[in-house]
Amino acid sequence: MTEQIDKALAREYEAGFVSAVESETFEPGLNEDVIRRISEVKGEPEWMLEWRLKAFRVWQEMEEPNWAHVDYEKVDFQAISYYSAPKSMKDKPKSLDEVDPELLRTYEKLGIPLVEQQMLAGVAVDAVFDSVSVVTTFREKLEEAGVIFCPISEAVHKYPELLKKYLGSVVPTKDNFFAALNCAVFTDGSFVYIPKGVRCPMELSTYFRINEQNTGQFERTLIIADEGSHVSYLEGCTAPQRDENQLHAAVVELVALDDAEIKYSTVQNWYPGDEEGKGGIYNFVTKRGICHTNAKISWTQVETGSSVTWKYPSCVLKGDNSIGEFYSVALTRGRQQADTGTKMIHIGKNTKSTIISKGISAGKSNNSYRGLVRMNPGAQGARNFTQCDSLLIGDQCGAHTFPYVESRNPSAIVEHEATTSKVSDDQMFLCQQRGIDPEKAVSMIVNGFCKEVFKELPMEFAVEAGKLLEISLEGSVG
Amino acid sequence: MSNENVLLSIKDLHASVEEKNIIKGLNLDIKPGEVHAIMGPNGAGKSTMGYVLSGRDGYTVDSGSASLAGEDLLDMDVEDRARAGLFLAFQYPVEIPGVSNLEFLKVSVDAQREARGEESLTSAEFLKVAKEACKQVNLPVSFLKRGVNEGFSGGEKKRNEIMQMILLKPKLCILDETDSGLDIDAMQVVANGVNSQRSSERSFIVVTHYQRLLDYIKPDFVHVLADGKIVKSGDASLAKELEEQGYAWLQTEPKEDELED
């Protein structure tokens, strides 16, 4: 049976192609000059450069963390390139007609048509290719509602006051090694501002694509939901199939002001490496949001890709009555390793958080949940509920749970539930006896296991996520 | 290999589990439309027979043959045997949390239709037949939305098995102690479900410990399975005899007469 499951899990990585796009790529290496050059190609103001250089100096003093339950060959930061952009983007195309058709084709192949007539109705997309944003759709329509949705490199010019105020306000430069690196060398990502009282009329989404070899992608995203506003945002990511590891070190900051709500969903499908663990993306990401009074931030993630994942989307529940949620499905197979979870920091009174984590391990992979729930002394009446479920497929994989709970307020309530189960022979036999293929059976059982999380995804993407899981599980059955 | 009017033909079947011989020379022929009851003491190999025929992992055939409608069963994968028309109603149906009964049923039916080269039913068409099947086994329609067997009572699980049988329309149904753990009312519902599916093309193997199920599902033949083979066969009256006398008198009889129908 195990052998069958493994076979069903061995999949083809459909997004593994390389686009023939001529790029301008920096020589590998990292020093202050490289940072000056990044800032220069982006035409950044002086304050932004200073901010980067300061971060670089902080980073140089830091050490790469090694507490995560992952084992990988360390990145040689002097051996990778920190900027790569299609040459055709140099002239800053004004409309889709001016964008290199090969770039448009790339996104079309990935199922993200950028031509508005073909797009998913009701979803605006910012398409980031290596270090630059290629195009952001539906901007005019969003502007009518006062919503700003643009590449962060453009926001640096257009909305410097918002950036100066909020960039680094949730994830400070010295937060951790990879965040500091990102502050120094980030290239592009999305900027979102929802004005007071506005309900964003569309789903916003950013699609990250790594194409160029030997480069790192350093995405930076900042979402600000002003008082009483509401936004739902989704990111997707893929990369070509290569034997070398590539680094993706992103920082995402969310600011939910009083009574605002941000729903942030991720469907992560970076190249996971081959069966033997060769190649794949290192996904070392810092994501955090701050909730002011009565605000709510909800993280939903479906993680199926990357060879190594190190990611803890978190909520700082600063304002009274604020709410943080984390819904996660992490699937590892082959030799993939994931160390992922969340942090819920309860500061305000009556703050609430919910954590639902579903880890699925197959093949020879390792899947860890790591979470922190902290109740500060002022968190009167705060509550947390955590549920961590692990599903094992086969007998050579690992599932681990590292829950940390710190409670400094006696009135706070923290609940933790955890289960570990296997796709049982009985379940497989029942499905097959009814005529169902072993592969379909595993994917159905796994989908059922993930249901609580999938129902949190925006509708269009719930279907996508289900399909992605199906593809990921192809060949994992025996 | 066999008489063309035979649906299931088992010839001198020997099978083992974890290297222990359980089935030791089983012979059985079943014609379309017949209902055969298999009775026998604990450990005789009754459940094993169902698992061996359906191809469960860990059940090894050592020798002999089994064919369904002329096709070699033992050569097929589990799902192909199911698609060829073999259905096993489980003694202890397993739960699949989060997978709705409706989805599970539709995926099963679709897989079997596809194997037969038929188009899959639309969701609306399927929902209609599924609701109808629910009614037949006296399960509320809300059960279609619940996870497969998730939190079902023993009786609900058994009725759910019969519902699957009704929807899959198999050629041969093996009911593995479907009556175990059922009260009289529940057993009647299950029996009605089974009886509604009896036809001149569909055959049944009813594995049971107790004669009482056979009051509701009238068998054409009754066989006694002991120590891995059929030691006695007869008509429905044999079940009554067993009820009164138990199995001990059979096991003391060493002779192995050919007791086929």
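This is a predicted model: local features need pLDDT of at least 70, side-chain atom pairs count only at pLDDT 80 or more; totals for chains, interfaces and linings use all residues.
Q: Why is the meeting of A:Asp437 and B:Arg83 called a salt bridge?
A: A salt bridge needs a side-chain nitrogen of Lys or Arg within 4 Å of a carboxyl oxygen of Asp or Glu. The N to O distance between the side chains of A:Asp437 and B:Arg83 is 3.2 Å, so the pair qualifies. The count between chain A and chain B is 3 salt bridges.

Q: How do you know what area is buried between chain A and chain B?
A: Buried area is what two parts lose in accessible area on being put together, summed over both. For chain A and chain B the value is about 2100 Å², with 61% from carbon and sulfur atoms. In chain A, A:Phe429, A:Gln433 and A:Arg434 lose the most, together 36% of what that side buries.

Q: Why are strand E3 and strand E10 of chain B said to pair?
A: Pairing requires at least two bridges. E3 (residues 35-39) and E10 (residues 203-207) of chain B share 4 bridges in the parallel sense, so they count as paired. One of the bridges joins B:His36 to B:Ile205.

Q: What makes strand E6 and strand E12 of chain B edge strands?
A: E6 (86-89) and E12 (229-234) of chain B each pair on one side only. The open sheet runs E6-E9-E10-E3-E11-E12.

Key: Residues are numbered from 1 along each chain as its sequence is written. Chains are lettered from A and ligands numbered from 1 in the order in which they are written. Side-chain values use heavy atoms; hydrogens and water are left out. Helices (H or I, at least four residues) and strands (E, at least two) are DSSP runs, numbered from the N terminus. Buried area is the accessible area (1.4 Å probe) that two parts lose on being put together, summed over both.
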